[in-house]
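Please look at the sequence and structure below before reading on.

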Amino acid sequence: MFPLLLFYIPLVGAATVEHWWNITYVDANPDGLFERRVIGVNGTWPPPPLEITSNDTLIVHAFNGIDKPTSLHHHGMAFNATGWGDGAVGVTQCGIPPNESFTYVLPVEQWNQWGSYWVHAHSMGQYVDGLRAPYIIHNENAGGEVYSAKYDAEFTVVIVLINQFLSQANPGGAEPIPDSGLIYFTQNGTYLPPIPSSSPPNPNVGFNENATLPFESGKTYRLRIINTSAFSAFFFWIDGHDMTLIEVDGTDIEEFPISLVSIAVAQRYSVLVTARNDTGSDVRNWVMHANME
């Protein structure tokens with residue numbers, strides 16, 4: 001009888017990426033209308049974006065610092081044979097009790113997944129109260145990102161609508177007319193700050209009219225658009241620019257020219273946009289739209 005020989009082949013560039021999230025209440029005023037209590041992480045809002053590679057294992061140590069059970073759902077992940085970490089309270093996981101912890105382990109290198117995703121609460125509408133963030137997996141398999149040779153840099157565009165839909169105050173579920181929406185951006189795992197202003201709605205993150213993408217003329221950018229709203233769909237486009245669709249919900253697709261993206265709740269799209277190479281008196285800013293349906 002021959003001995004059993006086991007071989008381990010290490011993954012190139014594989015790493016364990018750990019985050020410690022203390023889920024707490026904080027005060028925020030992202031749309032400039034009024035300040036209110038939201039759910040943040042480590043005393044700040046919005047929660048930090050997550051960015052890893054397809055060869056990594058993501059570990060999130062979540063401590064529940066609020067007064068109700070909570071959870072984290074890494075939207076779109078496979079969770080093969082590990083459904084207890086999926087974060088869907090009452091379906092695959094019990095909520096994390098107040099003052100208790102749960103460690104989420106996502107061995108992404110085993111799931112062969114990459115693309116644009118998001119992480120959010122999955123209990124009692126808590127993501128509508130702020131517990132949500134973009135979650136990006138960069139492809140480091142053979143050949144890397146399919147379209148990486150076609151763009152110079154990338155940004156993540158976060159679109160949000162916060163409003164009350166079905167509740168005691170609205171028992172018939174009539175569609176609400178929202179007071180406002182939000183749009184803000186991340187790059188390389190951090191939020192972009194506001195442009196200089198005498199009174200920005202938030203001193204740390206550039207929302208809405210202070211939200212600006214620093215395009216350079218002639219360069220091509222990948223925009224990962226994520227609709228993290230509770231109910232509303234959005235139409236996304238940039239005045240004076242065409243787009244090329246390259247990814248839908250974490251799946252690379254053949255290039256498809258498009259002038260407008262219709263994006264429903266929880267959907268993610270990646271588009272390529274080339275900044276206009278205007279000169280002289282033609283140099284100007286261009287409006288980016290995220291119009292609610």
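In this predicted model, Val17 has Leu58 in S4 as its bridge partner. The two strands involved are S1 (residues 16-28) and S4 (residues 57-64), which run parallel and are joined by 8 bridges. S1 also pairs with S2 (residues 36-41), here in the antiparallel sense and over 6 bridges. In that pairing Asp27 stands opposite Arg37 in S2.

Strand S8 (residues 132-138) also has pairings with two strands. With S3 (residues 50-53), S8 runs parallel over 4 bridges, and with S7 (residues 115-120) it runs antiparallel over 6 bridges.

The pairings are listed here.

| Strands | Sense | Bridges |
|---|---|---|
| S1 and S4 | parallel | 8 bridges |
| S1 and S2 | antiparallel | 6 bridges |
| S3 and S8 | parallel | 4 bridges |
| S7 and S8 | antiparallel | 6 bridges |

How many of the residues of S8 are buried? The count is 7 of 7. In a regular strand, side chains alternate between the two faces of the sheet. On one side of S8 are Arg132, Pro134, Ile136 and His138, and on the other are Ala133, Tyr135 and Ile137; both faces are covered.

The largest pocket has a volume of about 570 Å³. It is lined by 22 residues, of which Thr212, Leu213, Asn285, Trp286 and Val287 are the closest to its centre. By type, the lining of this pocket consists of 12 nonpolar, 5 polar and 5 charged residues.

Technical notes:
Residues numbered from 1 in each chain as written. Predicted model: local features only at pLDDT ≥ 70, side-chain atom pairs only at ≥ 80, totals over all residues. Heavy atoms only, no water. 1 Å grid on protein atoms, 1.4 Å probe; cavity = no way out; pocket = protein on both sides within 12 Å on 5 of 7 lines; lining within 4 Å. Points joined across faces, edges and corners; volume = space filled by probe spheres on them. Nonpolar A, V, L, I, M, F, W, Y, C, P; charged D, E, K, R; others polar. Buried < 20%, exposed > 50% of the residue type's maximum accessible area, 1.4 Å probe, protein only. Pairing = 2+ DSSP bridges.
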